[in-house]
Amino acid sequence: MSDLFSKFDALIAERAGVLAKGIRDPFAIVMQEVKSPTVAIIDGKETILLGTYNYMGMTFDPDVIAAGEQALRKFGAGTTGSRVLNGTYQGHKECEDALKDFYGMSHAMVFSTGYQANLGMVSTLAGKGDFIILDADSHASIYDGCYLGNADIVRFKHNSAEDLEKRLRRLPPEAGKLVILEGVYSMLGDIAPLQELVAIAKAHGAMVLVDEAHGMGFFGENGRGVYEAAGVADDVDFVVGTFSKSVGTVGGFCVSNHPKFEILRLVCRPYTFTASLPPAVVACAATSIRKLMHAGDKRARLWDMSRKLHSGLIARGFRLATDSCESAIVSVLMPDQETTVRMWQAMLELGVYVNMSRPPATPAGVFLLRCSLCAEHSAEQLDTVLERFAMAGTAVGLFADA
Amino acid sequence: MTDRAQVYARIIELIEPLNPKKVALTEDTSFAGDLEMDSLTVMDLVASMEDEWDIVMPLNMLPDLETVGQVADAVTRLVTK
């Protein structure tokens with residue numbers, strides 16, 4: 001009998017090799033206590049959280065918590081059902097209403113996770129004979145949505161308007177086309193040139209879906225995302241997003257003005273064939289989304305913190321993935337896997353948690369220590385983080401041959 | 001006219017820079033097994049072949065294209081279509 005696990009042997013060996021060097025597993029962190037959006041206890045030690053995507057710090061917002069508690073008592077712990085059967089409660093409608101108001105769009109559909117929102121939208125919108133044209137650096141949920149569906153998948157070079165144009169030109173003019181873009185790309189923290197890309201997509205008769213998972217809350221006048229800041233709202237057909245970043249809980253969604261949008265509830269399998277979000281979660285989400293409409297102060301603080309971390313790291317000799325601060329993600333380029341893991345561990349031992357990212361999650365063999373900012377990070381925490389980055393970088397010899 | 005032999009020869013040239021271990025390239029050389037290419041490298045190779053022959057090679061074709069010979073067949077089909 002052949003062991004079905006033998007295909008994982010190379011990865012098992014690679015992991016064993018890393019762990020044998022006395023390095024702890026970067027993918028097995030346990031948050032024993034979470035004190036605030038920016039502080040948790042890891043291994044009994046107070047740790048600054050600098051890699052949570054909790055951009056707007058809504059996880060502990062008192063109004064959000066109160067709404068969740070009330071819904072938990074009033075509607076119970078879970079819905080035990082699909083959105084199209086017994087799983088749509090008053091709270092799910094209110095959450096979709098909040099999204100419609102936030103985005104100024106006529107339709108909103110809430111999924112159980114952001115992953116499922118992309119899986120569902122991508123696989124359902126483009127069918128057999130249609131084409132999906134996606135950015136090479138698209139999130140796994142977009143790629144997986146492609147593979148769940150039956151469309152032909154064409155990939156263009158990351159953020160390249162020229163490459164998108166070239167690939168669209170080769171497609172049959174009459175075929176259905178869906179161009180998929182992201183506002184912020186979460187690995188390097190760079191943003192998409194949406195003005196150019198959306199114009200090209202429209203010129204070739206494609207519908208456009210923009211994933212604003214990492215842009216919601218603090219890009220554009222109303223915090224709708226990079227597409228709003230870029231001034232292309234009228235040309236974007238679908239916006240996909242998540243509750244697990246700026247909104248501060250879990251869930252995914254798509255908003256649109258398409259007149260036939262509601263039919264998706266019956267044909268979108270990752271929406272239909274799964275249980276809906278628990279009442280407490282949609283209550284938290286709806287409250288948080290409505291508060292994010294008026295979060296100008298938090299937005300300003302988040303941008304201020306992000307810029308300071310970006311410039312502070314450059315001043316201390318680190319190489320970053322973007323020349324300037326483009327989003328609330330600041331990614332530090334690392335030379336190789338071993339230095340990355342050692343640096344990540346040194347940071348953790350100094351009381352700062354960041355994300356470690358490696359291929360194939362990252363593009364082109366890049367190793368990263370990825371930081372994401374929170375509007376609730378204090379100036380003191382930022383100073384501490386910068387100081388510890390410098391200490392850790394020196395300790396692992398990052399600057400030795402620079 | 002582009003015949004299969006020309007396509008095959010050019011594909012070999014395109015693979016060469018992605019073959020650091022200098023694995024011998026034949027019709028039966030497999031991308032995942034012999035060349036140990038990861039999915040990102042394979043997708044980049046597809047992009048370079050699309051540009052070389054001005055064709056569309058959708059990524060959903062890839063599961064059926066395991067060897068250099070199979071890719072040469074597919075490209076030849078797309079070019080002569």
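Helices here are DSSP runs of H or I, at least four residues in length, numbered from the N terminus. One more thing before the views: this is a predicted model.

View 1. Helix 13 covers residues 337-349 of chain A, and A:Arg342 sits in it. Several residues of helix 13 are buried, among them A:Thr340, A:Trp344 and A:Leu348. After the helix comes A:Gly351, with a positive phi, near 90°.

**View 2. Now let's zoom in on A:Arg342 itself.** Is A:Arg342 buried or exposed? A residue counts as buried if 20 or more other C-beta atoms lie within 10 Å of its own. A:Arg342 has 21 C-beta neighbours inside 10 Å, so it counts as buried. Leaving out residues up to four places away in sequence, A:Arg342 touches A:Ile23 and A:Val396. For a sense of distance, take A:Val281: it is 61 residues from A:Arg342 along the chain, and their C-alpha atoms are separated by 37 Å.

**View 3. This one shows where the two domains of chain A meet.** Chain A splits into domain 1 (26-56 + 295-395) and domain 2 (61-290). Their C-alpha centres lie 26 Å apart. Across the boundary, 21 residues of domain 1 are in contact with 16 residues of domain 2. On the domain 1 side, helix 12 (296-315) and strand 13 (329-334) are the elements that give two or more residues. What kinds of residues make up that side of domain 1? They divide into 13 nonpolar, six polar and two charged.

**View 4. Next up is the largest nonpolar core.** This core has 137 residues, and those with the most contacts inside it are A:Ile132, A:Ile133, A:Leu194 and A:Val208. Helix 11 (residues 279-292) of chain A gives the most to the core, with nine residues. Both domain 1 and domain 2 of chain A give residues to this core, so it lies between them.

**View 5. Last stop: chain A against chain B.** Nine residues of chain A are in contact with 10 residues of chain B. The chain A side of this contact divides into five nonpolar, no polar and four charged residues.

Conventions: Residues are numbered from 1 along each chain as its sequence is written. Chains are lettered from A and ligands numbered from 1 in the order in which they are written. This is a predicted model: local features need pLDDT of at least 70, side-chain atom pairs count only at pLDDT 80 or more; totals for chains, interfaces and linings use all residues. Domain bounds come from an automatic or database domain assignment. Two residues are in contact if their C-beta atoms, placed from the backbone, lie within 7 Å. Ala, Val, Leu, Ile, Met, Phe, Trp, Tyr, Cys and Pro count as nonpolar, Asp, Glu, Lys and Arg as charged, and the others, Gly among them, as polar. A nonpolar core is a set of buried Ala, Val, Leu, Ile, Met, Phe, Trp, Tyr and Cys residues joined through C-beta atoms within 7 Å. A residue is buried if 20 or more other C-beta atoms lie within 10 Å of its own, exposed if 12 or fewer, and partly exposed in between; C-beta atoms are placed from the backbone.
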